Amino acid sequence: MSRKLSMIQAISEALDQKLADDNRVMLLGEDIGVNGGVFRATEGLFEKYGRERIVDTPLAEAGIIGSAIGLGMNGMIPVVEIQFLAFIYPGFEQIVSHAARMRYRTRGQYHVPMVIRTPFGAGIRGPELHSESVESFFAHVPGLKVVVPSTPFDAKGLLISAIEDPDPVIFLEPTKLYRAFKEEVPEELYRVPIGKARVIREGSHLSIFAWGAMIRVAEEAAQQLERERGWLCEVVDLRSISPLDRDAILASVKKTGRALVVHEAHKTAGMGAEIISIINDEALLYLKAPVKRVTGYDVPVPQFAIEDDYLPTVARVKQGIVETIQY
Amino acid sequence: MTDFYQVLDPKGQLLEDTRNQISEETMLKMYGNMVIVRAFDRKSIHLQRQGRMGTYAPFEGQEASQVGSAMALLPGDWLFPTYRDHAASIVHGQSMTRVFLYWMGHMDGSISPSDRHIMPPCVPIATQMVHAVGTAWASKRKGEPHVSLAYFGDGAGSEGDFHEALNMAGVFKTPTIFFCQNNGYAISVPFSQQSASRTVAQRASAYDIPGVRIDGNDIFAVWLTVKAAMERATAGLGPTLIEAVTYRYGAHTTADDPKKYRDQERLAEEWRSERDPVQRLKVYLEQSGLWNEWKETALQTKVAEQIEAALIEAESYPKSQAADMFKHVYEVPSWMVEEQQKDAIVPEGKRGVLA
């Protein structure tokens, strides 16, 4: 059985079902209890599972993430909510120096089966520092996994996989997509594997690699160019930023011979560079044109009055496609 | 210095009668442990000087703090040491062999004995304090009567994680013991410059948890205070902050020169001759008829043999291999790790075009 859910509802359902399924699962975060989370991802869970498992924490990101590390090492499965991605920095040291390394430095004796969920990305008219996309900070750290859903179905399945994963997973939720649309989501517990991309639109002229909120932008651009010029662009939702699904990237590029990466993160040292590097290593001779990047600019994410000018738009993506195909 | 809790004064005199609380057997064990860890510490410095070990952080002077606190713990309790707390790790059950291996840069140097929870030495400052909140919290949730004890220094009190840990432990009443060894210096910066607070312990009052300042060179005071904190913790009353006032005789690490920032010889001599933790217990034991020169000689011989045996074991332990760096990054290796390992581990003379 399935019914239509928004992404936030799908996330909430995944949390609910894992809490019911496994007594070790605990939720920690600011305002996630009585208040149900600032985006309502944990609505109703406090009443259902109580204060021992749905924990309203002090406002202290290092304390939340650090104590979740200890909880995870001692048999719990902590699922942390950080209110916005740009608020994670006080806990950054805990993530990179401890969560990511605990298995390694104890030679497998202790591990941290933690999930850190956090809304990210621009486009919601948020105040300053509510709109960042710094996924590559985390993708750079061995020991972490980084996941970004773009649909309600994937959000539920990926979150369940993340909670069941024995290693720490950074789960980035595109704020803009929380309530953007609904789709059929199965009622039961199911998993979407981490590290596997999904081709959401088949094509033969060019491959677009994207994730999160940029998927909809990429799809729209692809649809318009099909109508306008008859070009068929393949859109690949990478879903996992770390590890990247190299096989899916290569299979698509080998088929189309052209590629474009779209991400809202800053261009320099963004994941686009890594994707191009994978193509360079293994599919260079399949290319008919250089791989282009359409990304956020190398400036701080601006105030919301001009955030749409910062973000890759359908027009910018279309221009990138045209330039690549007509190279 | 009367602003701290002291039981055994520097001259080896008991200030209160604790004979019904600390058995003779425990006192003898305290002494034996302090003697062996001090010898271990000195041996380690020698090994570093000889090039047989990497940079090493010595703790001589702080034996009572570390041995007394770790001896108070029970086998199921979690220990979170810093890079200067190998005495505590050894007393809680870590082998000297492993500690040697750690400082020799071996990948297996921080593996805990399987029947203990001894964390690897924490290198960043104060970050382990929040872990000890988490493990204690989990023990409480599981209904297990274990405490988590985190060591840290006076400098750690300036870090945000210190305050977040104390605050969260207070809110959730976790069975955590925060054990500060205030040895007066964070590498070179004296405590007077570290903070305008007169003590570390007084900060507990901001979080409404007990804060106790004790003579960290008095092993009886240390042991009794940690025992009391354990009772509170396992009774569900929450954390305790303990500030043990002590002194490191030597350098911050073997790469440090304390003469640059303090009157090293005078201060070390002063602490050594007037407040040494090992000597004062020895005096007390001798005066109580529990110790004599014959026992001392036997102990010193045994200690030297044990350290030598641990060293031989460490130096003959299988060397770390390049392949070890690729293990335990994830439970299931990522394709990147798998591939890079294949690339890194190439038999002699088989490296691609160079073959």
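Author: The largest nonpolar core has 189 residues, and A:Ile208 and A:Ala218 have the most contacts inside it. Helix H8 of chain B (residues 219-234) gives the most to this core, with 10 residues. Please bear in mind that this is a predicted model.

Reader: What general idea lies behind nonpolar side chains being buried together?

Author: In soluble globular proteins, nonpolar side chains tend to be buried together.

Reader: Which residues does A:Ile208 touch, not counting residues up to four places away in sequence?

Author: With those sequence neighbours set aside, A:Ile208 touches A:Ala218, A:Ala222, A:Cys233, A:Glu234, A:Val235, A:Val236, A:Leu260 and A:Val262.

Reader: Why is helix H4 of chain B described as largely enclosed by the rest of the structure?

Author: Of the eight residues of H4(B) (residues 96-103), seven are buried, so the helix is largely enclosed by the rest of the structure. The buried residues are B:Met96, B:Arg98, B:Val99, B:Phe100, B:Leu101, B:Tyr102 and B:Trp103. They pack against helices H1 (24-49), H3 (86-92) and H11 (293-315) of chain B. After H4(B) comes B:Gly105, whose phi is positive, near 80 degrees.

Reader: How is a pair of packed helices described?

Author: Two packed helices are described by the angle between their axes and the distance between the axes. Here, the axes of H1(B) and helix H10 of chain B (residues 277-287) come within 10 Å and cross at roughly 145 degrees. The crossing of H1(B) past H10(B) is left-handed. H1(B) contributes B:Met27, B:Met30, B:Tyr31, B:Met34, B:Val35 and B:Arg38 to the contact, while H10(B) contributes B:Pro277, B:Val278, B:Leu281, B:Lys282 and B:Leu285. By class, the residues of this contact are nine nonpolar, no polar and two charged.

Reader: How many residues does each chain give to the contact between chain B and chain A?

Author: The size of an interface is often given as the accessible area lost when the parts come together. In terms of residues, the contact takes 33 from chain B and 34 from chain A. On the side of chain B, helices H5 (127-142), H6 (160-172) and H12 (335-344) each give two or more residues. H5(B) provides the largest share of that side, 12 residues. The side of chain B that touches chain A comprises 16 nonpolar, 11 polar and six charged residues.

Conventions: Residues numbered from 1 in each chain as written. Chains lettered and ligands numbered in written order. Predicted model: local features only at pLDDT ≥ 70, side-chain atom pairs only at ≥ 80, totals over all residues. Core = buried A, V, L, I, M, F, W, Y, C linked by C-beta atoms within 7 Å. Buried ≥ 20, exposed ≤ 12 C-beta atoms within 10 Å, placed from the backbone. Helix = DSSP H or I, 4+ residues; strand = E, 2+ residues; numbered from the N terminus. Contact = placed C-beta atoms within 7 Å. Nonpolar A, V, L, I, M, F, W, Y, C, P; charged D, E, K, R; others polar. Axes fitted to C-alpha atoms, helices over the stretch in contact; angles between N-to-C directions. Left-handed = near helix turned anticlockwise from the far one by under 90°.
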